Amino acid sequence: MAKLWGGRFQKSTDKKVDDFNSSIRFDQRMYKQDIKGSIAHASMLAKQGIIPKEDGEKIVTGLKEILADIEAGKIEFEIDAEDIHMNVEKILIERIGEAGKRLHTGRSRNDQVALDLRMYLRDETDQIRQMLIHALQVMVDTASLHTETIMPGYTHLQKAQPVTFAHHLMAYYEMFKRDLSRLDDCKKRMNVMPLGSGALAGTTYPLDREFTAKELGFDAVSQNSLDGVSDRDFVIELASCLSLIMMHLSRFSEELILWSSHEFSFVEMDDAFSTGSSIMPQKKNPDVAELIRGKTGRVYGHLMGLLTTMKGIPLAYNKDMQEDKEPIFDAVDTVKLCLPVFCDMLCTMTVKKDNMLKGSKGGFTNATDVADYLVKKGLPFREAHAVVGRMVFYSIEHGKALDELSLEEFKEFSDIIDEDIYTAISMETCVNDRKIIGGPAKETVQRAIDAAKEYISAL
(Lines give C-alpha, C1' and ligand atoms only; values in the text may rest on other atoms or scores of the structure.)
Protein backbone atom coordinates (compact mmCIF):
# COMPACT_ATOMS: atom_id res chain seq x y z
CA MET A 1 0.00 0.00 0.00
CA ALA A 2 1.31 3.44 -0.94
CA LYS A 3 2.12 5.61 2.06
CA LEU A 4 0.61 9.07 2.32
CA TRP A 5 4.17 10.31 2.90
CA GLY A 6 5.80 8.04 0.30
CA GLY A 7 6.58 10.51 -2.50
CA ARG A 8 10.29 10.71 -1.73
CA PHE A 9 10.74 6.92 -1.46
CA GLN A 10 11.55 4.53 -4.30
CA LYS A 11 10.77 1.25 -2.52
CA SER A 12 8.30 0.01 0.05
CA THR A 13 9.18 -0.36 3.69
CA ASP A 14 9.94 -3.84 4.92
CA LYS A 15 6.94 -5.67 6.35
CA LYS A 16 8.79 -6.07 9.66
CA VAL A 17 9.43 -2.33 9.70
CA ASP A 18 5.74 -1.66 9.11
CA ASP A 19 4.90 -3.81 12.13
CA PHE A 20 7.70 -2.31 14.20
CA ASN A 21 6.89 1.27 13.26
CA SER A 22 3.12 1.02 13.59
CA SER A 23 1.37 2.39 16.67
CA ILE A 24 -2.24 1.79 15.62
CA ARG A 25 -2.63 -1.12 18.03
CA PHE A 26 -2.41 1.26 20.99
CA ASP A 27 -3.03 4.79 19.68
CA GLN A 28 -6.36 3.87 18.08
CA ARG A 29 -7.96 4.68 21.44
CA MET A 30 -7.43 8.35 20.53
CA TYR A 31 -9.72 8.15 17.49
CA LYS A 32 -12.32 10.47 18.97
CA GLN A 33 -9.79 13.16 19.88
CA ASP A 34 -8.06 12.80 16.51
CA ILE A 35 -11.31 13.33 14.62
CA LYS A 36 -12.43 16.23 16.84
CA GLY A 37 -9.05 17.87 16.31
CA SER A 38 -9.28 17.40 12.57
CA ILE A 39 -12.80 18.81 12.45
CA ALA A 40 -11.65 21.95 14.28
CA HIS A 41 -8.57 22.22 12.04
CA ALA A 42 -10.62 21.86 8.84
CA SER A 43 -13.17 24.40 10.07
CA MET A 44 -10.36 26.86 10.77
CA LEU A 45 -8.74 26.27 7.37
CA ALA A 46 -12.03 27.01 5.63
CA LYS A 47 -12.72 30.06 7.81
CA GLN A 48 -9.30 31.47 6.96
CA GLY A 49 -9.75 30.81 3.24
CA ILE A 50 -6.78 28.44 3.23
CA ILE A 51 -8.95 25.73 1.70
CA PRO A 52 -12.27 26.17 -0.17
CA LYS A 53 -15.31 26.41 2.08
CA GLU A 54 -17.00 23.53 0.23
CA ASP A 55 -13.98 21.28 0.86
CA GLY A 56 -14.01 22.22 4.50
CA GLU A 57 -17.66 21.23 4.76
CA LYS A 58 -17.02 17.93 2.96
CA ILE A 59 -14.13 17.16 5.31
CA VAL A 60 -16.17 17.91 8.43
CA THR A 61 -19.13 15.84 7.21
CA GLY A 62 -16.83 12.98 6.23
CA LEU A 63 -15.04 13.00 9.59
CA LYS A 64 -18.30 12.93 11.50
CA GLU A 65 -19.44 9.94 9.46
CA ILE A 66 -16.13 8.16 10.12
CA LEU A 67 -16.52 8.82 13.86
CA ALA A 68 -20.02 7.33 13.82
CA ASP A 69 -18.81 4.28 11.89
CA ILE A 70 -15.87 3.70 14.26
CA GLU A 71 -18.18 3.83 17.27
CA ALA A 72 -20.56 1.45 15.51
CA GLY A 73 -17.70 -1.02 14.97
CA LYS A 74 -17.85 -0.72 11.18
CA ILE A 75 -14.20 0.27 10.63
CA GLU A 76 -11.12 -1.89 10.95
CA PHE A 77 -7.83 -0.02 11.16
CA GLU A 78 -4.79 -1.03 9.09
CA ILE A 79 -1.29 -1.59 10.40
CA ASP A 80 0.16 -0.35 7.10
CA ALA A 81 -1.37 3.07 7.75
CA GLU A 82 0.86 3.22 10.85
CA ASP A 83 -1.22 5.19 13.33
CA ILE A 84 -4.68 6.54 14.10
CA HIS A 85 -3.91 9.84 12.36
CA MET A 86 -2.98 8.28 9.02
CA ASN A 87 -5.76 5.71 9.26
CA VAL A 88 -8.42 8.37 9.64
CA GLU A 89 -6.95 10.52 6.88
CA LYS A 90 -6.69 7.53 4.53
CA ILE A 91 -10.33 6.57 5.13
CA LEU A 92 -11.40 10.18 4.62
CA ILE A 93 -9.63 10.43 1.26
CA GLU A 94 -11.12 7.12 0.14
CA ARG A 95 -14.59 8.43 0.99
CA ILE A 96 -14.57 12.07 -0.19
CA GLY A 97 -11.70 12.11 -2.68
CA GLU A 98 -9.60 15.21 -3.43
CA ALA A 99 -11.14 17.35 -0.68
CA GLY A 100 -9.80 14.90 1.90
CA LYS A 101 -6.25 15.54 0.71
CA ARG A 102 -6.56 19.15 1.89
CA LEU A 103 -7.11 18.23 5.55
CA HIS A 104 -3.43 18.05 6.41
CA THR A 105 -2.72 21.55 5.13
CA GLY A 106 -0.81 23.58 7.70
CA ARG A 107 -0.13 20.78 10.15
CA SER A 108 2.24 17.88 10.77
CA ARG A 109 1.71 14.57 12.46
CA ASN A 110 4.09 15.97 15.07
CA ASP A 111 1.71 18.66 16.26
CA GLN A 112 -1.31 16.47 15.48
CA VAL A 113 -0.21 13.68 17.82
CA ALA A 114 0.73 16.20 20.50
CA LEU A 115 -2.77 17.64 20.19
CA ASP A 116 -4.51 14.27 20.32
CA LEU A 117 -2.52 13.12 23.33
CA ARG A 118 -3.26 16.29 25.29
CA MET A 119 -6.97 16.00 24.48
CA TYR A 120 -7.10 12.31 25.33
CA LEU A 121 -5.29 12.71 28.64
CA ARG A 122 -7.42 15.74 29.45
CA ASP A 123 -10.53 13.59 29.06
CA GLU A 124 -9.02 10.77 31.11
CA THR A 125 -7.96 13.23 33.80
CA ASP A 126 -11.56 14.39 34.08
CA GLN A 127 -12.69 10.80 34.60
CA ILE A 128 -10.06 10.12 37.23
CA ARG A 129 -11.01 13.38 38.92
CA GLN A 130 -14.58 12.13 39.35
CA MET A 131 -13.27 8.85 40.76
CA LEU A 132 -11.17 10.77 43.28
CA ILE A 133 -14.17 12.83 44.32
CA HIS A 134 -16.06 9.57 44.90
CA ALA A 135 -13.12 8.28 46.96
CA LEU A 136 -13.22 11.45 49.07
CA GLN A 137 -16.94 10.93 49.63
CA VAL A 138 -16.39 7.31 50.67
CA MET A 139 -13.71 8.37 53.18
CA VAL A 140 -15.98 11.01 54.68
CA ASP A 141 -19.08 8.81 54.79
CA THR A 142 -17.17 5.98 56.46
CA ALA A 143 -15.48 8.36 58.89
CA SER A 144 -18.89 9.72 59.90
CA LEU A 145 -19.74 6.27 61.26
CA HIS A 146 -16.61 5.95 63.36
CA THR A 147 -15.98 9.17 65.30
CA GLU A 148 -16.17 7.13 68.53
CA THR A 149 -14.39 4.01 67.26
CA ILE A 150 -11.13 4.09 69.21
CA MET A 151 -8.11 2.33 67.73
CA PRO A 152 -4.36 2.40 68.28
CA GLY A 153 -2.27 4.83 66.24
CA TYR A 154 1.19 3.66 65.26
CA THR A 155 4.66 4.92 64.58
CA HIS A 156 7.33 2.47 63.39
CA LEU A 157 4.42 -0.03 63.31
CA GLN A 158 4.57 0.05 67.11
CA LYS A 159 1.55 1.13 69.12
CA ALA A 160 1.90 4.82 69.92
CA GLN A 161 -1.23 6.72 70.98
CA PRO A 162 -4.96 6.11 70.69
CA VAL A 163 -6.90 7.77 67.89
CA THR A 164 -10.22 7.00 66.21
CA PHE A 165 -10.88 5.13 63.02
CA ALA A 166 -12.56 8.30 61.75
CA HIS A 167 -9.37 10.26 62.39
CA HIS A 168 -7.39 7.61 60.52
CA LEU A 169 -9.76 7.71 57.56
CA MET A 170 -9.63 11.49 57.43
CA ALA A 171 -5.85 11.27 57.11
CA TYR A 172 -6.41 9.46 53.82
CA TYR A 173 -9.07 12.00 52.90
CA GLU A 174 -6.35 14.67 53.13
CA MET A 175 -4.05 12.59 50.91
CA PHE A 176 -6.67 12.08 48.22
CA LYS A 177 -7.68 15.72 48.48
CA ARG A 178 -4.09 16.68 47.64
CA ASP A 179 -4.19 14.16 44.77
CA LEU A 180 -7.25 15.92 43.41
CA SER A 181 -5.54 19.30 43.70
CA ARG A 182 -2.44 17.99 41.93
CA LEU A 183 -4.57 16.53 39.15
CA ASP A 184 -6.36 19.85 38.64
CA ASP A 185 -3.03 21.66 38.58
CA CYS A 186 -1.59 19.15 36.12
CA LYS A 187 -4.55 19.68 33.80
CA LYS A 188 -3.82 23.42 33.63
CA ARG A 189 -0.45 22.76 32.00
CA MET A 190 -1.90 19.94 29.89
CA ASN A 191 -4.63 22.17 28.48
CA VAL A 192 -2.38 24.12 26.10
CA MET A 193 -2.90 23.59 22.37
CA PRO A 194 0.19 22.69 20.27
CA LEU A 195 -1.59 22.54 16.90
CA GLY A 196 -0.01 25.10 14.58
CA SER A 197 3.51 24.18 15.64
CA GLY A 198 3.83 22.13 12.45
CA ALA A 199 6.69 19.68 12.32
CA LEU A 200 8.84 22.02 14.43
CA ALA A 201 8.85 25.49 12.83
CA GLY A 202 5.21 26.47 12.53
CA THR A 203 3.77 27.23 9.10
CA THR A 204 3.51 30.01 6.53
CA TYR A 205 -0.27 29.60 6.36
CA PRO A 206 -2.31 32.23 8.26
CA LEU A 207 -3.72 29.80 10.81
CA ASP A 208 -6.06 31.11 13.49
CA ARG A 209 -4.69 29.10 16.40
CA GLU A 210 -6.86 30.87 18.95
CA PHE A 211 -9.99 29.87 17.02
CA THR A 212 -8.94 26.22 16.96
CA ALA A 213 -8.02 26.31 20.65
CA LYS A 214 -11.42 27.71 21.55
CA GLU A 215 -13.18 25.11 19.41
CA LEU A 216 -11.33 22.33 21.25
CA GLY A 217 -11.67 23.76 24.76
CA PHE A 218 -8.03 24.72 25.33
CA ASP A 219 -7.11 27.53 27.70
CA ALA A 220 -4.11 28.71 25.67
CA VAL A 221 -1.90 27.99 22.66
CA SER A 222 1.73 26.92 22.90
CA GLN A 223 4.19 29.80 22.49
CA ASN A 224 7.13 27.98 20.91
CA SER A 225 6.80 25.62 17.99
CA LEU A 226 9.83 23.51 18.99
CA ASP A 227 8.43 23.03 22.47
CA GLY A 228 4.92 22.51 21.12
CA VAL A 229 5.84 19.28 19.34
CA SER A 230 8.55 17.96 21.67
CA ASP A 231 7.04 18.66 25.11
CA ARG A 232 5.93 15.60 27.03
CA ASP A 233 6.14 17.20 30.48
CA PHE A 234 2.37 16.92 30.75
CA VAL A 235 2.58 13.14 30.24
CA ILE A 236 5.30 12.76 32.87
CA GLU A 237 3.51 15.09 35.27
CA LEU A 238 0.31 13.09 34.94
CA ALA A 239 2.26 9.86 35.49
CA SER A 240 3.68 11.43 38.66
CA CYS A 241 0.20 12.40 39.86
CA LEU A 242 -1.05 8.88 39.13
CA SER A 243 1.92 7.40 41.00
CA LEU A 244 1.03 9.43 44.08
CA ILE A 245 -2.60 8.29 43.87
CA MET A 246 -1.42 4.70 43.68
CA MET A 247 1.01 5.25 46.56
CA HIS A 248 -1.86 6.42 48.76
CA LEU A 249 -4.04 3.52 47.68
CA SER A 250 -1.17 1.15 48.37
CA ARG A 251 -0.49 2.52 51.85
CA PHE A 252 -4.11 2.11 52.84
CA SER A 253 -4.25 -1.32 51.20
CA GLU A 254 -1.21 -2.38 53.21
CA GLU A 255 -2.96 -1.36 56.41
CA LEU A 256 -6.12 -3.21 55.45
CA ILE A 257 -4.04 -6.31 54.71
CA LEU A 258 -2.45 -6.08 58.16
CA TRP A 259 -5.71 -5.26 59.92
CA SER A 260 -7.52 -8.20 58.32
CA SER A 261 -4.90 -10.65 59.61
CA HIS A 262 -5.69 -12.83 62.64
CA GLU A 263 -3.02 -11.01 64.63
CA PHE A 264 -4.78 -7.64 64.24
CA SER A 265 -8.37 -8.63 63.44
CA PHE A 266 -9.46 -4.99 63.20
CA VAL A 267 -11.41 -5.45 59.95
CA GLU A 268 -12.85 -8.23 57.83
CA MET A 269 -13.21 -7.95 54.08
CA ASP A 270 -16.56 -8.71 52.56
CA ASP A 271 -16.78 -12.09 50.82
CA ALA A 272 -17.36 -10.27 47.53
CA PHE A 273 -13.95 -8.60 47.86
CA SER A 274 -11.94 -11.60 49.07
CA THR A 275 -10.73 -14.89 47.63
CA GLY A 276 -9.97 -18.32 49.03
CA SER A 277 -7.14 -20.81 48.78
CA SER A 278 -6.96 -23.76 46.41
CA ILE A 279 -5.58 -25.97 49.21
CA MET A 280 -6.37 -24.30 52.57
CA PRO A 281 -10.14 -24.22 53.12
CA GLN A 282 -10.00 -21.76 56.03
CA LYS A 283 -8.35 -18.95 54.08
CA LYS A 284 -9.97 -15.61 53.29
CA ASN A 285 -7.39 -13.60 51.41
CA PRO A 286 -7.42 -9.80 50.90
CA ASP A 287 -6.49 -10.20 47.23
CA VAL A 288 -8.05 -6.92 46.10
CA ALA A 289 -5.89 -4.91 48.49
CA GLU A 290 -2.83 -6.97 47.56
CA LEU A 291 -3.38 -6.43 43.83
CA ILE A 292 -3.72 -2.68 44.33
CA ARG A 293 -0.47 -2.74 46.28
CA GLY A 294 1.16 -4.73 43.48
CA LYS A 295 -0.17 -2.56 40.66
CA THR A 296 1.36 0.49 42.33
CA GLY A 297 4.81 -0.71 41.24
CA ARG A 298 3.51 -0.99 37.71
CA VAL A 299 2.52 2.69 37.64
CA TYR A 300 5.82 3.71 39.25
CA GLY A 301 7.60 1.79 36.48
CA HIS A 302 5.76 3.74 33.80
CA LEU A 303 6.81 7.03 35.41
CA MET A 304 10.45 5.98 35.44
CA GLY A 305 10.18 4.65 31.88
CA LEU A 306 8.81 7.95 30.62
CA LEU A 307 11.52 9.95 32.38
CA THR A 308 14.18 7.66 30.94
CA THR A 309 12.75 7.83 27.42
CA MET A 310 12.73 11.63 27.43
CA LYS A 311 16.02 12.33 29.19
CA GLY A 312 18.30 12.25 26.13
CA ILE A 313 16.06 13.43 23.30
CA PRO A 314 17.27 16.56 21.45
CA LEU A 315 14.74 19.04 20.06
CA ALA A 316 12.39 18.62 18.40
CA TYR A 317 10.31 15.50 17.68
CA ASN A 318 12.01 12.08 17.61
CA LYS A 319 10.41 8.69 17.02
CA ASP A 320 11.39 7.67 20.56
CA MET A 321 8.45 9.79 21.67
CA GLN A 322 6.05 7.23 20.25
CA GLU A 323 6.99 5.29 23.39
CA ASP A 324 5.15 7.82 25.55
CA LYS A 325 1.69 6.41 24.89
CA GLU A 326 1.69 2.82 26.10
CA PRO A 327 3.11 3.71 29.54
CA ILE A 328 0.73 6.59 30.21
CA PHE A 329 -2.25 4.71 28.77
CA ASP A 330 -1.56 1.75 31.05
CA ALA A 331 -0.96 4.01 34.05
CA VAL A 332 -4.31 5.71 33.43
CA ASP A 333 -6.06 2.37 32.95
CA THR A 334 -4.53 0.99 36.15
CA VAL A 335 -5.65 3.91 38.30
CA LYS A 336 -9.13 3.79 36.77
CA LEU A 337 -9.25 0.07 37.58
CA CYS A 338 -8.04 0.43 41.17
CA LEU A 339 -9.96 3.44 42.49
CA PRO A 340 -13.52 2.08 42.11
CA VAL A 341 -12.74 -1.40 43.43
CA PHE A 342 -10.86 0.07 46.39
CA CYS A 343 -13.82 2.29 47.30
CA ASP A 344 -16.25 -0.62 47.06
CA MET A 345 -13.94 -2.78 49.18
CA LEU A 346 -13.77 -0.07 51.85
CA CYS A 347 -17.54 0.46 51.90
CA THR A 348 -18.31 -3.23 52.36
CA MET A 349 -15.71 -4.28 54.93
CA THR A 350 -16.67 -4.96 58.55
CA VAL A 351 -14.97 -2.81 61.20
CA LYS A 352 -14.40 -4.74 64.43
CA LYS A 353 -14.80 -1.93 66.93
CA ASP A 354 -14.24 -4.04 70.04
CA ASN A 355 -10.96 -5.41 68.72
CA MET A 356 -9.80 -1.92 67.79
CA LEU A 357 -10.58 -0.66 71.30
CA LYS A 358 -8.88 -3.66 72.86
CA GLY A 359 -5.86 -3.05 70.65
CA SER A 360 -5.68 0.58 71.74
CA LYS A 361 -5.45 -0.48 75.40
CA GLY A 362 -2.35 -2.58 74.84
CA GLY A 363 1.16 -1.31 74.26
CA PHE A 364 0.96 1.58 76.77
CA THR A 365 -0.66 3.95 74.27
CA ASN A 366 -1.65 6.24 77.17
CA ALA A 367 1.93 6.66 78.42
CA THR A 368 2.22 10.17 76.94
CA ASP A 369 -0.98 11.11 78.72
CA VAL A 370 0.51 10.04 82.05
CA ALA A 371 3.45 12.33 81.31
CA ASP A 372 1.08 15.15 80.35
CA TYR A 373 -0.82 14.57 83.59
CA LEU A 374 2.40 15.01 85.60
CA VAL A 375 3.28 18.16 83.61
CA LYS A 376 -0.10 19.67 84.40
CA LYS A 377 0.67 18.94 88.08
CA GLY A 378 3.86 21.00 87.79
CA LEU A 379 6.58 18.54 86.77
CA PRO A 380 8.85 19.56 83.85
CA PHE A 381 8.09 17.43 80.79
CA ARG A 382 11.55 15.90 80.44
CA GLU A 383 11.44 14.78 84.07
CA ALA A 384 7.87 13.52 83.63
CA HIS A 385 9.03 11.55 80.57
CA ALA A 386 11.69 9.79 82.66
CA VAL A 387 9.22 9.01 85.45
CA VAL A 388 6.74 7.43 83.04
CA GLY A 389 9.54 5.48 81.33
CA ARG A 390 10.34 3.85 84.69
CA MET A 391 6.62 3.31 85.25
CA VAL A 392 6.32 1.48 81.90
CA PHE A 393 9.32 -0.72 82.71
CA TYR A 394 7.73 -1.62 86.06
CA SER A 395 4.41 -2.42 84.35
CA ILE A 396 6.10 -4.68 81.80
CA GLU A 397 7.86 -6.58 84.59
CA HIS A 398 4.58 -7.05 86.45
CA GLY A 399 2.41 -7.79 83.42
CA LYS A 400 0.12 -4.80 83.89
CA ALA A 401 -1.23 -1.93 81.81
CA LEU A 402 -0.69 1.57 83.19
CA ASP A 403 -4.32 2.01 84.12
CA GLU A 404 -4.17 -1.29 86.03
CA LEU A 405 -1.62 0.06 88.51
CA SER A 406 -2.98 0.82 91.96
CA LEU A 407 -2.82 4.38 93.30
CA GLU A 408 -0.17 3.19 95.75
CA GLU A 409 1.94 1.86 92.87
CA PHE A 410 1.52 5.15 91.02
CA LYS A 411 2.67 7.11 94.07
CA GLU A 412 5.86 5.07 94.27
CA PHE A 413 6.88 6.93 91.13
CA SER A 414 5.48 10.35 92.01
CA ASP A 415 3.56 11.54 95.05
CA ILE A 416 1.73 14.20 93.01
CA ILE A 417 -0.42 11.52 91.39
CA ASP A 418 -4.00 11.38 92.69
CA GLU A 419 -7.16 9.38 92.04
CA ASP A 420 -7.94 11.52 88.98
CA ILE A 421 -5.12 9.75 87.12
CA TYR A 422 -7.52 7.01 86.04
CA THR A 423 -9.87 9.41 84.29
CA ALA A 424 -6.96 11.32 82.77
CA ILE A 425 -5.49 8.24 81.09
CA SER A 426 -8.65 6.44 79.96
CA MET A 427 -8.77 5.79 76.22
CA GLU A 428 -11.75 8.12 75.82
CA THR A 429 -9.96 10.98 77.61
CA CYS A 430 -6.72 10.37 75.73
CA VAL A 431 -8.60 10.78 72.45
CA ASN A 432 -11.16 13.45 73.26
CA ASP A 433 -8.87 15.81 75.17
CA ARG A 434 -6.86 16.25 72.00
CA LYS A 435 -9.13 18.98 70.69
CA ILE A 436 -6.42 20.94 68.92
CA ILE A 437 -6.95 21.53 65.20
CA GLY A 438 -5.99 18.33 63.42
CA GLY A 439 -6.39 16.23 66.55
CA PRO A 440 -8.44 13.02 67.02
CA ALA A 441 -11.06 14.35 69.48
CA LYS A 442 -14.59 13.52 68.37
CA GLU A 443 -15.64 17.16 68.09
CA THR A 444 -12.49 18.07 66.15
CA VAL A 445 -12.86 15.19 63.72
CA GLN A 446 -16.55 16.01 63.28
CA ARG A 447 -15.62 19.57 62.31
CA ALA A 448 -13.15 18.17 59.80
CA ILE A 449 -15.85 15.86 58.40
CA ASP A 450 -18.31 18.76 58.11
CA ALA A 451 -15.70 20.88 56.33
CA ALA A 452 -14.93 17.97 54.00
CA LYS A 453 -18.60 17.53 53.11
CA GLU A 454 -18.82 21.22 52.29
CA TYR A 455 -15.66 20.99 50.16
CA ILE A 456 -16.94 17.98 48.22
CA SER A 457 -20.34 19.54 47.61
CA ALA A 458 -18.64 22.57 46.05
CA LEU A 459 -16.61 20.49 43.55
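User: Is C338 buried or exposed in this model?
Analyst: The model is a predicted one. The relative accessibility of C338 is 2%. Buried means under 20% relative accessible area, so C338 counts as buried.

User: What is the distance from the sulfur of C186 to the closest cysteine sulfur?
Analyst: C186 is buried, and its relative accessible area is 0%. Its closest cysteine sulfur belongs to C241, yet the pair is too far apart for a bond. The distance between the two sulfur atoms is 4.5 Å.

User: How many disulfides does a search of the whole structure find?
Analyst: A disulfide is a covalent bond between the sulfur atoms of two cysteines. For C186, the closest cysteine sulfur is too far for a bond, and for C338 the closest one is too far as well. The search of the whole structure gives a count of 0.

User: Which residues does L242 contact, leaving aside neighbours within four places in sequence?
Analyst: L242 is one of the residues with the most contacts inside the largest nonpolar core. With sequence neighbours within four places left aside, its contacts are I128, V299, I328, A331, V332 and V335.

User: How far apart are the end C-alpha atoms of α11?
Analyst: Helix α11 covers residues 287-310, 24 residues in total. At 1.5 Å a residue it should span 34 Å, and the distance in the model agrees with this. The end C-alpha atoms are 35 Å apart.

User: Against which helices do the buried residues of α11 pack?
Analyst: The buried residues of α11 include V288, I292, V299, H302 and L306. The helices against which the buried residues pack are α9, α10 and α12.

User: How many of the 36 residues of α6 are buried?
Analyst: The 36 residues of α6 should span 52 Å, and its end C-alpha atoms are 52 Å apart, which agrees. The helix is largely enclosed by the rest of the structure, because the buried residues number 26.

User: Which residue caps the N-terminal end of α6?
Analyst: N110 lies in α6 and is buried, at a relative accessible area of 16%. The backbone nitrogen of N110 is 2.9 Å from a side-chain oxygen of the capping residue, which is S108.

User: Which residue has its backbone oxygen 3.0 Å from a polar atom of the N110 side chain?
Analyst: Not counting residues up to four places away in sequence, N110 touches G198, A199, V229 and Y317. The backbone oxygen at 3.0 Å from the N110 side chain belongs to A199.

Terms used
Residues numbered from 1 in each chain as written. Predicted model: local features only at pLDDT ≥ 70, side-chain atom pairs only at ≥ 80, totals over all residues. Heavy atoms only, no water. Helix = DSSP H or I, 4+ residues; strand = E, 2+ residues; numbered from the N terminus. Expected span 1.5 Å × (residues − 1). Buried < 20%, exposed > 50% of the residue type's maximum accessible area, 1.4 Å probe, protein only. Contact = heavy atoms within 4.5 Å. Polar contact = N/O pair within 3.5 Å; in protein donor to acceptor, adjacent residues only side chain to side chain. Disulfide = S-S within 2.5 Å. Core = buried A, V, L, I, M, F, W, Y, C linked by side-chain atoms within 4.5 Å.
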